[in-house]
Amino acid sequence: MGKTLTEIAQTLKDTDKKVQLIYAFNGVGKTRLSREFKELVAPKTEGEEEEEKPIKVLYYNAFTEDLFYWDNDLDEDTNRKLIIHPNSFTDWIFKDQGQESNVITHFQHYTNDKLTPSFNEDFNEITFSLERGDDNKIDNIKISKGEESCLIWCVFFSLIKLVVDTLNESEPANRDTNQFDELEYIFIDDPVSSLDENHLIELAVNIAELIKYSQSEVKFIITTHNPLFYNVLYNELELKKKNKKGNECCYLLNKDNDGTYKLDGKLGDSNKSFSYHLHLMQILQDAVDNNSIEKYHFMLLRNLYEKTANFLDYPQWSDLLPDDKKTYYNRIIQFTSHSTLSNEAIPEPMVHEKNTLKLLFKHLVDTNYYTEEQNGTV
C-alpha cells in the first residue's frame with residue numbers, strides 16, 4: 001500500500017543513516033518531498049519570526065532559486081542584473097565570510113571561464129560580463145536558465161562547505177557562528193542537472209568528499225533523476241558496504257496511479273538495480289500511447305539504448321539502431337546533447353521527430369532483447 005509524501009518524509013527522518021540517496025524520475029515528486037521534509041523537521045510556527053528559529057535543515061531545490069530573480073531593465077534594456085532576495089544565508093556567505101571569489105571560481109569552472117559574475121557592495125545584486133578573447137567584453141548580459149541554476153548551486157555549495165567546516169569544530173564556544181548548532185539535515189535535490197557529464201561527475205565527487213569530511217551529526221539526503229550522478233555518489237560514498245539488507249540507505253521513489261508513493265530500498269548502483277530499463281520502457285510506452293512525447297523522452301530513449309547495448313556487450317549504443325543508423329543517431333543526439341547549459345536551445349519535437357522516437361522505441365522492443373529472464377538485470 002502506498003504512502004503520502006509526508007509519510008515518506010517521516011520514514012527518511014526516522015532513520016539514523018548519515019546519508020540517504022534517492023533516485024526518482026522527473027515529475028515523481030522529489031522537490032515536493034524536500035518541502036514536506038523541511039516542514040516535518042522545522043514546521044512554521046505562527047507568530048514566530050524566521051530569524052528567531054533555530055536552523056534545523058538546509059535544503060537546495062527548485063524553490064531555492066526563488067531567492068534570486070531578474071531585473072531585466074525593461075525601459076532601457078541595458079542594465080540587466082540578478083537580484084538576491086534579502087536573507088541571512090547569503091549575507092553570512094558574502095558579507096561575513098567573503099566567499100564571493102569562491103562562488104565565482106566554482107561557477108566559471110562549471111560553465112565558462114570568460115563568464116564573470118560581479119557583486120555590488122551590498123551583495124544583493126549580480127551583473128554578468130563575457131570576455132571576448134581580446135581587450136573587449138560584453139557587459140550586463142543575461143545568462144541562461146541553466147547557468148543561473150549553476151550559480152545558485154555554487155552559492156549553496158559554498159554555504160554547506162562553510163557549515164561543515166564550522167560544525168567540525170566540536171566545541172560550540174570555539175565556532176565562528178552558533179547559528180547552525182542545531183542543524184540536523186542537509187537536503188540536496190537534483191543539483192545542476194544541466195551540466196555536461198564530466199562536470200556532473202566532478203560535482204558528485206565534490207559532494208561525496210564534503211559528506212565524508214563532515215564530522216558532525218548532520219545527516220545528508222540527496223535526490224536525483226540522473227543515473228550517472230546517482231552511481232558516482234553510490235560508489236564514492238561506498239554505500240555498497242552500508243546498504244545491507246534491512247539496513248538500506250539507497251532508495252527508488254515511485255508514484256502510483258492513485259497518487260500515493262513508494263520508497264523501495266535498493267541494493268547496487270542503477271546498473272545493477274531498479275529494474276531501471278522497465279521504468280524507462282513504461283514511461284516511453286505511456287508517452288507513445290498518449291501521444292505526449294517531449295524533449296526529455298529522447299534522453300530516456302537514448303538511455304535505454306545505452307543500457308541495452310552495455311548489457312548485450314555492443315561497443316556502441318548506435319549499433320542497435322535500425323538501418324540508416326547515422327540519420328537516427330543524429331536525430332537522437334539533437335535532443336540529448338549536453339554541450340550547453342541552456343535548456344532553451346532545443347525546440348520541442350515536431351510531429352516527424354515524435355514519429356522517429358516511436359519507430360526507434362518499437363524497433364528496440366521488437367528485437368526481443370527484453371526476455372522474461374532478463375527483466376531486472378538489464
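Two strands count as paired here if DSSP finds at least two bridges between them, and I kept that criterion in mind while going through this predicted model.

**Entry 1, strand S9 and its partners.** I began with S1 and S9, which pair in the parallel sense over five bridges, and I noted that Val-19 stands opposite Phe-220 in S9. I then turned to strand S8 (residues 185-189), which also pairs with S9 in the parallel sense, over five bridges. In that pairing I looked up two positions: Phe-187 stands opposite Ile-221 in S9, and Asp-189 has Thr-223 as its bridge partner in S9. When I checked burial, I found five of the six residues of S9 buried, so this strand is largely enclosed by the rest of the structure.

I traced the strand order as S2-S8-S9-S1-S10-S11, an open sheet of six strands with mixed pairing. Strand S2 (57-60) and S11 stand at the edges and have a single partner strand each, so one side of each is left without a neighbour in the sheet. From one strand to the next, I recorded a twist that averages 20°.

I looked next at helix H5 (residues 145-167), which lies across S2, S8 and S9 and runs at about 155° to S2. Helix H7 (residues 227-236) lies across S1, S9 and S10, and I noted its direction as about 155° to S1.

Which residues of helix H1 are buried? I listed Leu-5, Ile-8, Ala-9 and Leu-12 as buried in this helix, which spans residues 5-14. These residues cover an arc of only 100° around the axis, which puts them on the same side of H1. I then asked what the buried residues of H1 pack against, and found strand S1 (19-23), helix H2 (30-41), strand S9 (219-224), strand S10 (250-255) and strand S11 (261-265).

Two packed helices are described by the angle between their axes and the distance between the axes. For H1 and H2 I noted an angle of about 65°, with the axes 9 Å apart, and H1 passes H2 in a right-handed crossing. On the H1 side the contact is made by Leu-5, Thr-6, Ile-8, Ala-9, Gln-10, Leu-12 and Lys-13, and on the H2 side by Arg-32, Leu-33, Glu-36, Phe-37, Leu-40 and Val-41. Sorted by class, I recorded eight nonpolar, two polar and three charged residues in the contact of H1 with H2.

Key. Residues are numbered from 1 along each chain as its sequence is written. This is a predicted model: local features need pLDDT of at least 70, side-chain atom pairs count only at pLDDT 80 or more; totals for chains, interfaces and linings use all residues. Side-chain values use heavy atoms; hydrogens and water are left out. Buried means under 20% relative accessible area, exposed over 50%, partly exposed in between (1.4 Å probe, protein chains only). Helices (H or I, at least four residues) and strands (E, at least two) are DSSP runs, numbered from the N terminus. The arc is that of the directions from the helix axis to the C-beta atoms. Contact means heavy atoms within 4.5 Å. Axes are lines fitted to C-alpha atoms, for helices over the stretch in contact, and angles run from 0 to 180 degrees between N-to-C directions. A crossing is left-handed if the near helix is turned anticlockwise from the far one by less than a right angle, and right-handed if clockwise. Ala, Val, Leu, Ile, Met, Phe, Trp, Tyr, Cys and Pro count as nonpolar, Asp, Glu, Lys and Arg as charged, and the others, Gly among them, as polar.
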